[in-house]
Amino acid sequence: KIVAKAVVLSRNNKRGFLNICIAYTSRYEMTQAAKQIAWGVEEGLLLPTDVSEQLLEKCFYTSDSPDPDLVIRTSGEVRLSDFLLWQSSFACLAFLDVLWPEFSIWHLFQAILQYQKDYANIEVMRSSYFAEREKRLRESDIECAKASVEEGTKNIDCLVAEYKRRRTCRIEDFLVAVNTKQQNYMNKLCP
């Protein structure tokens, strides 16, 4: 109830974000996002062809926040422990052999230096990945538009543009419905 109250009280704050991960796991977050999308398809808000990586990301708890550039794992453990798995796919991962209470500015500098050293390679991979992802989405749009073509109706570019416009509207309506559903749930927890 305390978390719900904090969410309700701060829902209109847009200047800055603080993400606090309480009892959080990436697997659960991804499962919840998939369930929301499945609900959207069942309710007729989305078409199965609307489902994409981009839509899944918009259903994550962190959808309003940028993906991290640097993830620091203390304690000497070399694993992410099911923490921001999707979001950190293009982050610099710094595994430091120091416990959190002893973490100092010098450890932070060490992680930042590692980030600076790896930055160029990460950006090349990130750019390549997002270009490929956009290409896959474009190809999917073309296939969906072609499926609706009747002989001699419109040229394919017009059909693709119309399909993208309609998909965008469906996704926006779906995200509003999900947000309303979440707000109603939070409001029920906070009388």
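Of the 191 residues in the protein chain, 26% count as buried, where buried means under 20% relative accessible area, exposed over 50%, and partly exposed in between (1.4 Å probe, protein chains only). This is a predicted model, in which local features need pLDDT of at least 70 and side-chain atom pairs count only at pLDDT 80 or more, while totals for chains, interfaces and linings use all residues. Residues are numbered from 1 along each chain as its sequence is written, and side-chain values use heavy atoms, with hydrogens and water left out.

Confidence comes next. The mean pLDDT of the protein chain is 90, and 95% of the residues score at least 70; pLDDT is the predictor's confidence in each residue, from 0 to 100. Confidence is lowest in helix 1 (residues 2-10), with a mean of 80, and highest in helix 2 (residues 26-42), at 97.

The protein chain has five helices and two strands, and along the sequence they follow the pattern α-α-α-β-β-α-α. Helices (H or I, at least four residues) and strands (E, at least two) are DSSP runs, numbered from the N terminus. The protein chain is more spread out than a compact globule, because its radius of gyration is 21 Å, well over the 16 Å that the globule rule gives for 191 residues. That radius is taken over C-alpha atoms, and the rule is 2.2 Å times the number of residues to the power 0.38. Along the principal axes, the C-alpha atoms fill a box of roughly 70 × 50 × 30 Å.

Among contacts in the protein chain with a separation of 6 or more, 58% are between residues 24 or more positions apart; contact means heavy atoms within 4.5 Å. The accessible surface of the protein chain comes to about 13,300 Å², and carbon and sulfur atoms hold 58% of that surface. These areas come from the Shrake-Rupley method with a 1.4 Å probe; for residues, only the protein chains shown count as cover.

Gln54 lies in helix 3 (residues 53-58) and counts as buried, because its relative accessibility is 16%. Apart from neighbours within four places in sequence, Gln54 is in contact with Arg133, Glu134 and Leu137. Ile112 belongs to helix 4 (residues 105-147) and is partly exposed, because its relative accessible area is 32%. Ile112 and Tyr185 are 73 residues apart in sequence, and their C-alpha atoms are 40 Å apart in space.
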